[in-house]
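Me: I am new to this structure. Please pick a single part, look at it closely, and describe what surrounds it.

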Amino acid sequence: MVDYDFYVSTYRGGSIPEEEWPPCAQRAAAQLERYRRIYTVTVPDPNSEAMAICAMAEALYSFDLMANGEGGPVQSASVGSVSVSYGNAAAQMVDVSPKGQAKELYRCASAYLDIFRGVG
């Protein structure tokens, strides 16, 4: 499994807290294994697989936050005394349906991996 140090130092991620990393990375790795079962997946360079897992983990974490009403697109923000608001109209622009989530995970993985149907 991809460790949190790789996520922070190589991928340059920062949206997933360290304590939330293991379940997100595990779910992302499981999704990649699913892709391997149904598609031909090739790894263009040594870090590609780990980078894809990081990208998918961030997407999964974001979907979890939106499902809990804690994240998503910012609807309003203030700078003086720092205020932020998530949700409603802005959140409706993000497709959090199972199909929308599947498309986003595939997009994240294919940014780093070559994924296609057929024999490679």
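Reply: Contact here means heavy atoms within 4.5 Å. Among contacts in the protein chain between residues at least 6 apart in sequence, 64% join residues at least 24 apart. The model is predicted, so local features need pLDDT of at least 70 and side-chain atom pairs count only at pLDDT 80 or more, while totals for chains, interfaces and linings use all residues. Residues are numbered from 1 along each chain as its sequence is written, and side-chain values use heavy atoms, with hydrogens and water left out.

The protein chain has five helices and four strands (DSSP runs numbered from the N terminus: helices are H or I with at least four residues, strands are E with at least two). Read from the N terminus, the order of elements is α-α-β-α-β-β-α-α-β. Of the 120 residues in the chain, 33% are buried (buried is under 20% relative accessible area, exposed is over 50% and partly exposed is in between, with a 1.4 Å probe and protein chains only).

Helix 2 has 18 residues, and its first and last C-alpha atoms are 26 Å apart, close to the 26 Å expected at 1.5 Å a residue (the expected span is 1.5 Å times one less than the number of residues).

Arg 12 counts as exposed because its relative accessibility is 68%. Although Arg 12 is not a glycine, its phi is positive, about 70 degrees. Most residues other than glycine have a negative phi.

Which residues of helix 2 are buried? They are Trp 21, Cys 24, Ala 25, Ala 28, Gln 31, Leu 32 and Tyr 35. These residues cover an arc of only 120 degrees around the axis, so they lie on the same side of helix 2 (the arc is that of the directions from the helix axis to the C-beta atoms). An α-helix has 3.6 residues a turn, so residues three or four places apart point the same way. The face turned away from the buried side of helix 2 carries the exposed residues Gln 26 and Arg 37. Against the buried residues of helix 2 pack helix 1, strand 1 (40-42), helix 3, helix 5 and strand 4.

Trp 21 lies in helix 2 and counts as buried because its relative accessible area is 2%. Leaving out residues up to four places away in sequence, Trp 21 touches Val 2, Asp 3, Tyr 4, Tyr 7, Ile 16, Cys 54 and Ala 57. Val 2 is 19 residues from Trp 21 in sequence, and their C-alpha atoms are 9.4 Å apart. Gln 31 is also placed in helix 2; at 18% relative accessibility it counts as buried. With the residues up to four places away in sequence not counted, Gln 31 touches Met 56 and Leu 105.

On the side of helix 2, the contact is made by Trp 21, Cys 24, Ala 25, Arg 27, Ala 28, Ala 29, Gln 31, Leu 32, Tyr 35 and Arg 36; on the side of helix 3, by Glu 49, Ile 53, Cys 54, Met 56, Ala 57, Leu 60, Tyr 61 and Asp 64. By class, this contact has 13 nonpolar, one polar and four charged residues (Ala, Val, Leu, Ile, Met, Phe, Trp, Tyr, Cys and Pro count as nonpolar, Asp, Glu, Lys and Arg as charged, and the others, Gly among them, as polar).

Helix 3 itself is largely enclosed by the rest of the structure, because 15 of its 20 residues are buried. Ser 62 belongs to helix 3 and counts as partly exposed, at 32% relative accessibility. After helix 3 comes Gly 69, with a positive phi near 75 degrees.

Gly 100, Leu 105, Cys 108 and Ala 109 are buried in helix 5. Their arc around the axis is only 170 degrees, which puts them on the same side of helix 5. Lys 99 and Lys 103 are exposed on the other side of helix 5. The cover over the buried residues of helix 5 includes helix 2, helix 3 and strand 4 (114-116).
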